[in-house]
Amino acid sequence: FVPKKDGVLLVQEAKAECRGTWYLPAGRMEPGESVVAALRREVKEESGLECEPLTLLALEERGPAWLRFVFLARPTGGTLKTLEDADAESLQAKWWGGPLDPLPLRAPDILPLLDLAARYRRSPPHPPTLPQELPCAHLCLRLLVAFTPCPGHLWVLLNVSGPPRLPVVACGTHPTQIRRGLRLPVLGLLGGCLPPDPHIGPMGLLGLQHRAGGPGGADGVCLNVLVSLQPRGAGEGPPPELCHPAFRWWRVEEEGLRGRILQRLREGDTVPIRS
């Protein structure tokens with residue numbers, strides 16, 4: 001999304017299968033390209049404008065084989081593409097500030113995203129979130145699994161097979177996982193260390209790391225995901241007993257850290273993951 005005043009940047013498609021329809025600037029990352037570099041390139045190619053990302057708005061996913069990063073960005077230069085500049089990337093670009101009903105859209109999936117962008121501009125539900133330039137060999141999830149049996153109390157799940165750290169699970173390591181959602185590997189990890197049928201709440205994205213062409217040509221992405229483990233029934237008891245020696249519950253006593261995590265849990269203060 002590249003908004004300007006009360007409008008949003010739209011591009012008219014040039015591809016044969018959707019020629020003449022309108023959509024947000026979008027496209028695929030190229031090998032060796034960072035997430036932000038891909039964003040800037042696609043906006044430039046399709047609209048003629050240069051832009052700077054402000055925050056990640058949402059992560060859309062259909063398993064490890066299909067991830068779409070939705071950004072809010074601001075224009076920083078360039079010249080808006082007109083019909084005289086039409087090419088294989090797009091026919092033209094326009095700032096659109098009215099209802100989208102008069103426009104033939106390539107797909108209606110951008111409508112909830114436009115609403116998400118408008119709500120973020122009015123009252124940001126999460127802090128600005130941009131990719132961190134850190135290498136990762138695979139697509140993986142780093143999990144902050146939080147258990148809050150009552151107000152003000154917080155336990156976090158740690159992997160203690162080495163130095164204590166947040167659990168990490170790799171995604172897409174088996175062909176059966178490629179087209180299945182990211183919640184599946186989370187359930188797999190937690191199912192191996194918790195009692196049967198754990199009550200897992202919604203997942204939210206805290207951040208992500210990616211560095212194109214990392215060590216050995218690695219080009220993976222690590223998603224930092226906040227997961228809430230719901231207590232069974234009422235009560236103020238301890239977290240559920242773990243059945244795997246590699247994991248341990250850590251009670252968060254430091255007031256500042258505990259408060260920040262609880263706030264993000266309580267207010268849904270994360271980038272939404274749309275599956």
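How many residues of domain 1 are in contact with residues of domain 2? I count 20 residues of domain 1 in contact with 20 residues of domain 2. Contact here means heavy atoms within 4.5 Å.

**Ground rules.** I am working on a predicted model, where local features need pLDDT of at least 70, side-chain atom pairs count only at pLDDT 80 or more, and totals for chains, interfaces and linings use all residues. Residues are numbered from 1 along each chain as its sequence is written, and side-chain values use heavy atoms, with hydrogens and water left out.

**Domains.** I took the bounds from the domain assignment: domain 1 is 8-122 and domain 2 is 131-272. Such bounds come from an automatic or database domain assignment. Over C-alpha atoms, the centres of domain 1 and domain 2 are 31 Å apart.

**Interface.** I looked up the area buried between domain 1 and domain 2 and got about 1,400 Å², with 75% of it from carbon and sulfur atoms. Leu-56, Leu-59 and Pro-64 supply 31% of the area that domain 1 buries against domain 2, more than any other three residues. Buried area is the accessible area (1.4 Å probe) that two parts lose on being put together, summed over both.

I then searched this interface for salt bridges and the rule found zero. The cut-off is a side-chain nitrogen of Lys or Arg within 4 Å of a carboxyl oxygen of Asp or Glu. For polar contacts the rule found two residue pairs across the interface, both at pLDDT 80 or more. A polar contact is a pair of N or O atoms within 3.5 Å; within protein, one must be able to donate a hydrogen and the other to accept it, and residues adjacent in sequence count only if both atoms are side-chain atoms.

On the side of domain 1 that touches domain 2, α1 (35-47), β4 and β5 (67-78) each supply at least two residues. β4 gives the most, with five residues. Helices (H or I, at least four residues) and strands (E, at least two) are DSSP runs, numbered from the N terminus.

**Glu-60.** I find Glu-60 in strand β4 (residues 49-61). Is Glu-60 buried or exposed? Glu-60 is buried, at a relative accessible area of 9%. The scale: buried is under 20% relative accessible area, exposed over 50%, partly exposed in between (1.4 Å probe, protein chains only). The side chain of Glu-60 makes a polar contact with the side chain of Arg-68 at 2.7 Å. A second polar contact, of 3.4 Å, joins the side chains of Glu-60 and Arg-274. Leaving out residues up to four places away in sequence, Glu-60 also touches others, including Trp-66, Val-70 and Leu-113.

**Salt bridges.** My search of the whole structure gave 14.

- Glu-13 pairs with Arg-106, the closest N and O atoms being 3.0 Å apart. Glu-13 is in the loop between β2 (7-12) and β3 (22-23), Arg-106 in the loop between β6 (92-96) and α2 (110-122), 93 residues apart. Glu-13 is buried at 2% relative accessibility, whereas Arg-106 is partly exposed at 39%.
- Glu-30 and Arg-41 meet at 3.6 Å, N to O. Glu-30 lies in the loop between β3 and α1 and Arg-41 in helix α1, so the pair ties together parts eleven residues apart in sequence. Glu-30 is partly exposed at 40%; Arg-41 is buried at 17%.
- Arg-68 and Asp-109 meet at 3.0 Å, N to O. Arg-68 sits in strand β5 and Asp-109 in the loop between β6 and α2, 41 residues apart.
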